[in-house]
Amino acid sequence: MAPPAELQHQLLAKNKHHSSTIYVHQPRAGEEEREVGQVLGCRPLSVAALTMHITQLNRECLLHLFSFLDKDSRRNLARTCPQLQDVFEDPALWPLLHFHSLTELKKDNFLLSPALRSLSICWHSSRVQVCSIEDWLKSAFQRSICSRHESLVNDFLLQVCDRCPNLASVTLSGCGHVTDDCLARLLRCCPRLRELRLENCARVTNRTLVAAAAHGRALQTLHVDFCRNVSAAGLRRLRAACPRLALRAEHSAAMIPDQPPRGVPAPGSALRKLLPR
């Protein structure tokens, strides 16, 4: 029989800062109350035994336990039995998702669901510099490097658009291949989006500013830092159209924008007039 819910919570509270292991303690006859008090660091409790299996914890405690594990540890623990797999697939476990490399987006150690509220993809790698080079200036070797991951973020965000309509915060850093079209769709499909932070996203242009003005009904914060193809004129028009928006563009307008081959219009130049004047 599973220990009382109160005892389960105390066991988790006692161990959550040390490890994800549930300590098992089996007192000898006549020592239950004294030893329970020592294990929990509280007054003695009248409990017949503390020995238990992790699957004897109730659903709330299991979700609490899983919440202290990283994505890989959650996946590994879930593979041990169907009950823990069911906990892993509970949307309540996944309100936050943080990724530190693009390869993490291809793993099966997370869940996308309407419960997702905050998403961040922050890629800090030497390859980010390669991705930031203008396409027509890349060597064959550089293009081959980019081809391995250039669609990962866009494809992932399209899944987010379909599965996570309640998303409230998105941070993208070093995502050199994320496009204006993808961000515009994100703004349309996630009407509760309040914060959009973009940093060093080379393909982001004034078209994203247009989309923010048109579709960001709940948007309160927009950062476009180190996004070289966002212009000062585009930022001024967005500020005029959305005066309550907390807009930040650190160094973006001061950077040198992409310079396409002669005869090809600059990215977003034909769309700048779409922003309200």
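Trainee: Why does Ser73 count as partly exposed?
Mentor: Buried means under 20% relative accessible area, exposed means over 50%, and partly exposed is in between, using a 1.4 Å probe and protein chains only. Ser73 has 29% relative accessibility, so it counts as partly exposed. Before we go on, a word on the background: this is a predicted model, where local features need pLDDT of at least 70, side-chain atom pairs count only at pLDDT 80 or more, and totals for chains, interfaces and linings use all residues. Residues are numbered from 1 along each chain as its sequence is written, and side-chain values use heavy atoms, with hydrogens and water left out.

Trainee: Where does Ser73 lie?
Mentor: Ser73 lies in helix α4. Helices here are DSSP runs of H or I with at least four residues, strands are runs of E with at least two, and both are numbered from the N terminus. Ser73 also sits 8.5 Å from Asn109, C-alpha to C-alpha, although the two are 36 residues apart in sequence.

Trainee: Which residues of helix α4 are buried?
Mentor: Helix α4 covers residues 71-78, and its buried residues are Lys71, Arg74, Arg75 and Ala78. Seen down the axis of α4, they fall within an arc of 95°, so they line one face of the helix. That arc is taken from the directions from the helix axis to the C-beta atoms.

Trainee: What covers those buried residues of α4?
Mentor: The cover includes α3 (59-66), α5 (82-88) and β1 (96-99). A contact, by the way, means heavy atoms within 4.5 Å.

Trainee: What caps the N-terminal end of α4?
Mentor: Asp70 does, with a side-chain oxygen 3.3 Å from the backbone nitrogen of Asp72. Compare that with the cut-off for a polar contact: a pair of N or O atoms within 3.5 Å, where within protein one must be able to donate a hydrogen and the other to accept it, and residues adjacent in sequence count only if both atoms are side-chain atoms.

Trainee: What joins the side chains of Ser101 and Thr103?
Mentor: A polar contact of 3.0 Å. Ser101 is found in the loop between β1 and β2, and its 17% relative accessibility is why Ser101 counts as buried. Leaving aside residues up to four places away in sequence, Ser101 touches Cys122 and Trp123.

Trainee: How do you know what span is expected for helix α8?
Mentor: The expected span is 1.5 Å times one less than the number of residues. Helix α8 (residues 152-163) has 12 residues, and its 17 Å from first C-alpha to last is close to the expected 16 Å. Buried residues in α8 include Leu152, Phe156 and Val160, and what covers the buried residues of α8 includes β1, β2 (118-122), β3 (169-173) and α9 (180-189).

Trainee: How many disulfides are there?
Mentor: A disulfide is a pair of cysteine sulfur atoms within 2.5 Å, and by this rule the count comes to zero. Take Cys227: the nearest cysteine sulfur, that of Cys201, is 5.0 Å away, and Cys227 is in no disulfide. Cys227 is buried, because its relative accessible area is 0%.

Trainee: What makes the phi of Asn200 worth a look?
Mentor: Most residues other than glycine have a negative phi. Asn200 has a positive phi of about 55° although it is not a glycine. Asn200 is found in the loop between β4 (195-199) and α10 (206-215), and at 29% relative accessible area it is partly exposed. Phe226 also has a positive phi, near 55°, and is not glycine either. Its place is in the loop between β5 (221-225) and α11, and at 32% relative accessibility Phe226 counts as partly exposed.

Trainee: Where does pLDDT stay under 50?
Mentor: pLDDT is the predictor's confidence in each residue, from 0 to 100. It stays under 50 over residues 14-27, which have 23 contacts beyond four places in sequence, and over residues 267-274, which have nine such contacts. The protein chain averages a pLDDT of 79, and 65% of the residues score at least 70.

Trainee: How many helices and strands does the protein chain have?
Mentor: The protein chain has 11 helices and six strands. Of its 277 residues, 45% count as buried.
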